[in-house]
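Q: Can we go through the pockets and the ligand site here? Start with whatever term I need.

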Amino acid sequence: MARVVESDSVSGGSDVLLSLDSIRESLIRQEDTIVFTLIERANFPLNSPAFEESLCLDSGNSSSLPEFFVREIETLQAKIGRYEDPEENPFFLDNIPPSVYPTHKYPPVLHPKALSVNINKRIWDTYFKEMLPLFVKPGDDGKYASTAASDLACLQAISRRIHFGKFVAEVKFRDAPQDYEPAIRAKDTEALMKLLTFEKVEEMVKKRVQKKAETFGQEVKCSSGEESERKYKVDPLLVSRIYGEWLIPLTKIVEVEYLLRRLD
Ligand SMILES: O=C(O)C(=O)C[C@]1(C(=O)O)C=C[C@@H](O)C=C1
């Protein structure tokens with residue numbers, strides 16, 4: 001019988017049993033979300049005026065459309081408890097109101113200093129300046145509102161994946177504190193980076209997301225005799241490159257940042 005993977009969360013249940021395998025399962029499940037959000041965003045051209053031009057959109061404050069949109073959505077999502085969840089990290093920290101809705105009590109899995117690890121500013125800049133121009137077509141179709149909604153979906157999926165580095169680091173630390181503690185006390189980021197790196201796993205991740213982009217993003221044809229060249233909505237090699245150049249390295253930066261605070 002087929003196995004159904006129900007959730008990609010690792011911290012929501014009352015009985016949290018963290019293991020490197022369960023966290024990697026979650027990262028694998030999140031790949032589906034990321035590949036799909038990239039495919040959806042590729043429906044629209046770059047639409048750069050939306051994020052390059054700032055307008056007076058918010059009671060005298062000037063911001064780009066995606067910034068305005070993400071700020072507003074984050075405020076609303078915070079009110080129903082999104083950022084009580086240790087798996088979620090806001091882009092605009094100054095903007096986060098408390099939840100007005102009775103929220104789930106998340107068991108404290110991470111060190112309290114985890115809250116201070118947030119690299120969303122860097123993720124934002126990398127996404128708009130480096131990733132986006134790679135996988136969408138140039139041009140401007142004026143559909144800025146739909147594009148901003150699509151950008152939000154990409155940004156939140158990517159940010160969640162990268163900040164999952166906190167959970168990965170916590171498990172690695174618990175599995176081998178004797179290896180990590182000296183490097184943490186010495187603030188030796190290079191040694192930490194070496195300890196937490198598994199090159200074979202990274203290669204596997206890049207291959208798998210390439211395959212997922214081929215599978216999820218292929219043009220599907222029904223009639224036979226149309227076995228011409230395969231077309232993809234997003235170039236699968238680019239998806240692999242996005243992981244190799246940004247998603248994996250930024251996850252590792254989060255892991256190091258978290259570990260540096262782990263003994264505070
Ligand atoms: O799976 C791990 O051990 C992770 O730390 C995650 C991850 C990744 O980002 O996919 C990052 C570093 C490792 O070298 C391998 C993979």
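A: A pocket here is an open set of grid points with protein on both sides within 12 Å along at least five of seven lines, and its lining residues have an atom within 4 Å of a point. The model is a predicted one.

Q: Which residues lie nearest the centre of the second largest pocket?
A: R24, L27, R161, V201 and V205, out of 19 lining residues. The volume of that pocket is about 330 Å³.

Q: Which helix gives the most to that lining?
A: α9, with 5 residues. Helices α1 (20-41), α6 and α10 also supply at least two each. By class, the lining has 9 nonpolar, 2 polar and 8 charged residues.

Q: And where does the ligand sit?
A: In the second largest pocket. Of the 14 residues around the ligand, the nearest are R24, K172, F198, E202 and E255.

Q: What are the distances to ligand oxygen atoms?
A: An N or O atom in the R24 side chain is 2.6 Å from one. For K172, a polar side-chain atom lies at 2.7 Å. F198 uses a backbone N or O atom, also 2.7 Å from a ligand oxygen.

Q: How much of the ligand's accessible area does the protein cover?
A: 99% of the 360 Å² that the ligand has on its own.

Q: Which element has the largest share of the shell?
A: α10, with 4 residues. The shell as a whole divides into 6 nonpolar, 2 polar and 6 charged residues.

Q: Switching topic: what lines the largest pocket?
A: 25 residues, with Y83, E84, D85, P86 and L115 nearest its centre. By class they are 17 nonpolar, 4 polar and 4 charged. The space in that pocket is about 500 Å³.

Technical notes. Residues numbered from 1 in each chain as written. Predicted model: local features only at pLDDT ≥ 70, side-chain atom pairs only at ≥ 80, totals over all residues. Heavy atoms only, no water. Near = heavy atom within 4 Å. Polar contact = N/O pair within 3.5 Å; in protein donor to acceptor, adjacent residues only side chain to side chain. Areas by Shrake-Rupley, 256 points an atom, 1.4 Å probe, with all protein chains shown as cover. 1 Å grid on protein atoms, 1.4 Å probe; cavity = no way out; pocket = protein on both sides within 12 Å on 5 of 7 lines; lining within 4 Å. Sits in = over half its atoms within 2 Å of the grid points. Nonpolar A, V, L, I, M, F, W, Y, C, P; charged D, E, K, R; others polar. Points joined across faces, edges and corners; volume = space filled by probe spheres on them.
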